[in-house]
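Welcome! Please take a moment with the sequence and the 3D view, and then we can walk through them together.

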Amino acid sequence: MLAIGTWILLVIFAILICIYVVMTNFMRKRRQGEPPIVKGHMVWGSAQHFAENAVSFLQESTKEYGDVFTIRLVNQYLTIINDPHSYEAMSSEKNFDFDPIQKQVNWNVFSFVLKDARKMIKDTGRTVRGSYLQAGFDSFANNLAISYDNMAETAPNPSLKNEENCHPWHTDGLRTFAASTIFDAIFNTVFGRDDGHPFDSNMVFRNLEVFHKSFNYFWLGFPKGLFPSAMKALEQLVTMPDAEELLARSDVSDYITTAVRYMQKLGQSEADIKGHNLVYLHVNYNTFRLAFWALNNLLENPKAHENLMSELNAAIEDKMQGNSAVFTMKDIEELDVLNSVVNESFRMASGVFMVRYIQEDTNFQTSAGKTFLMRKGDRVAIYPPAIHKDAEIFEQPMEFKYDRFCNGKKFYKNGEVIKHPLMAFGSLCPGKRYALLQIKWYLMSVLTRFDMRLQEGEHAQYAYEYHGHEILPPTKDIKFDFREKNHVVPLELAN
Ligand code: HEM
């Protein structure tokens with residue numbers, strides 16, 4: 001129950017928002033050359049339609065208004081470019097700026113301002129690429145192996161019969177299992193291991209789950225006091241060790257080391273540093289979310305699972321050195337079925353905007369040669385999920401087809417090949433290669449170490465109300481059985 005003071009705050013806030021929105025909406029006039037504005041509710045604009053089903057809302061709007069149109073989400077005007085061929089032009093337009101978007105998340109969600117953000121993101125971004133990538137990936141693989149060993153020791157509910165010569169089956173939630181394995185590994189890779197510390201992956205995962213439920217409201221600027229459970233979760237998350245304690249860990253990630261030193265140099269407070277570190281954990285949490293979907297999609301599609309296992313088994317045979325199979329990053333990236341399964345999982349589960357703030361009035365030309373005046377102070381976006389679910393580009397878009405991306409398949413819109421059909425990382429994400437490698441290594445290692453099967457009738461569904469999150473969560477966890485395989489070939493990363 002909310003306290004009475006909170007209710008009063010809520011009512012005052014709602015009245016102020018309504019007055020402000022109706023006034024600004026009333027005063028806004030479409031100027032010549034600007035995109036058409038989608039009709040919406042006097043106060044909410046198109047927010048309700050968007051929240052109910054963003055993809056079908058944007059597809060219907062495209063039919064009615066064309067590829068470029070403006071929607072209003074309460075008080076924010078957002079011009080949608082629903083054209084995959086305009087991705088490159090949008091990404092490279094100098095007047096379309098990501099900085100204010102990043103600032104909005106940092107301030108509204110995590111309550112800090114990053115000083116000299118552009119330079120810092122450039123420097124820290126390097127620590128998950130190029131020569132740093134191997135070290136980060138090795139650290140992740142080591143932590144993942146530890147999480148599997150812990151899992152094998154502590155597996156819950158040895159409820160099913162022990163078949164002859166086989167390890168016993170265990171029952172668990174698939175998402176819970178992914179949290180104890182890939183999330184645990186990511187967490188320890190980011191912050192360094194300190195087993196027994198109260199700020200551990202288990203506590204952090206539970207609180208991140210609660211906190212993320214309110215993420216969209218925070219991002220839009222609703223007062224935090226309206227979400228007491230999320231605030232309680234945040235209180236737990238900021239029990240993170242102080243900067244010096246993290247830096248003293250020998251295996252803390254290069255990303256955190258670089259970022260923390262940078263922030264200390266600029267005189268940022270401990271609270272700012274913790275806020276930043278939570279943003280970093282938040283972007284990594286997407287890797288876990290996607291890994292869940294990839295695993296789920298394989299377990300729901302036996303043919304996909306079988307064909308991926310054939311590819312993996314052949315690769316393992318090919319890469320044997322002594323008792324282990326040894327893979328380079330390039331070897332992993334060349335596994336065609338694995339790549340397709342991961343891409344297809346991204347296509348189905350991504351929920352994020354690629355959004356920019358418009359710094360100056362800008363005449364933007366689409367791929368079809370039409371010019372639109374984009375208004376200074378509005379936002380402009382490509383919404384990847386609407387493109388990912390376009391039936392002209394991806395046949396039967398609501399179906400998971402594990403081999404959709406095999407053999408370098410090309411995708412077309414209006415008869416022209418699309419340069420970037422998959423836009424789940426936007427154009428700016430520095431962690432793309434790292435995240436993809438982590439997910440692929442996770443699938444390779446988990447599927448070769450454990451037998452897995454979904455329980456009868458279990459089926460994960462996308463929680464569409466979380467559109468706006470990079471990767472959609474499922475509506476609920478699903479039950480599955482797993483057991484260790486009898487003969488496991490250890491997988492290793494080549495240096
Ligand atoms: C499945 C995992 C991930 C997904 C789906 C994802 C997705 C995204 C998206 C959509 C953006 C906005 C880009 C744009 O609008 O052009 C972004 C930005 C960003 N991502 Fe990722 N990301 C993931 C993992 C990571 C990882 C592992 C890192 C670690 C370094 C990372 C670091 C960042 C940063 C620093 C930005 C802001 C870039 C900037 O301000 O220029 N992400 N990500």
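What follows is a short tour of the nonpolar core, the ligand surroundings and some positions annotated in a record. Keep in mind that this is a predicted model.

**The nonpolar core**

- Let's start inside: the largest nonpolar core has 114 residues.
- Ala178, Ile182, Ala291, Ala294, Leu295, Ala381 and Ile439 are the residues with the most contacts inside this core.
- Helix α13, which covers residues 270-300, gives the core its largest share, 12 residues.
- Where does this core lie? Both domain 2 (31-112 + 354-423) and domain 3 (114-194 + 241-352 + 425-495) give residues to the core, so it lies between them.
- For a close-up, pick Ala294: leaving out residues up to four places away in sequence, Ala294 touches Val341, Val342, Ser345, Ile439 and Leu443.
- As background, in soluble globular proteins nonpolar side chains tend to be buried together.

**Around the ligand**

- How many residues surround the ligand? There are 25, and the closest are Asn286, Gly426, Leu428, Cys429 and Gly431.
- Sorted by class, the shell has 16 nonpolar, 8 polar and 1 charged residues.
- Domain 2 and domain 3 each supply at least three residues to the shell.

**Positions from the record**

- An unreviewed UniProt entry places the feature "binding site" at Leu114, Asn286 and Arg379.

**A closer look at Asn286**

- Asn286 sits in helix α13 and is among the residues closest to the ligand.
- Is Asn286 buried or exposed? A residue counts as buried when 20 or more other C-beta atoms lie within 10 Å of its own, and Asn286 has 22, so it is buried.
- Not counting residues up to four places away in sequence, Asn286 touches Glu470 and Ile471.

**A closer look at Arg379**

- You can find Arg379 in strand β10, made of residues 379-382.
- Arg379 counts as buried too, because it has 23 C-beta neighbours inside 10 Å.
- Its contacts, not counting residues up to four places away in sequence, are Gln76, Leu78, Val355, Arg356, Tyr357 and Ile358.

How values were computed. Residues are numbered from 1 along each chain as its sequence is written. This is a predicted model: local features need pLDDT of at least 70, side-chain atom pairs count only at pLDDT 80 or more; totals for chains, interfaces and linings use all residues. A nonpolar core is a set of buried Ala, Val, Leu, Ile, Met, Phe, Trp, Tyr and Cys residues joined through C-beta atoms within 7 Å. A residue is buried if 20 or more other C-beta atoms lie within 10 Å of its own, exposed if 12 or fewer, and partly exposed in between; C-beta atoms are placed from the backbone. Helices (H or I, at least four residues) and strands (E, at least two) are DSSP runs, numbered from the N terminus. Domain bounds come from an automatic or database domain assignment. Two residues are in contact if their C-beta atoms, placed from the backbone, lie within 7 Å. A residue is near a molecule or strand if its C-beta atom, placed from the backbone, lies within 6 Å of it. Ala, Val, Leu, Ile, Met, Phe, Trp, Tyr, Cys and Pro count as nonpolar, Asp, Glu, Lys and Arg as charged, and the others, Gly among them, as polar. UniProt positions are given in the numbering used here, feature names are shortened, and annotations may be inferred rather than shown by experiment.
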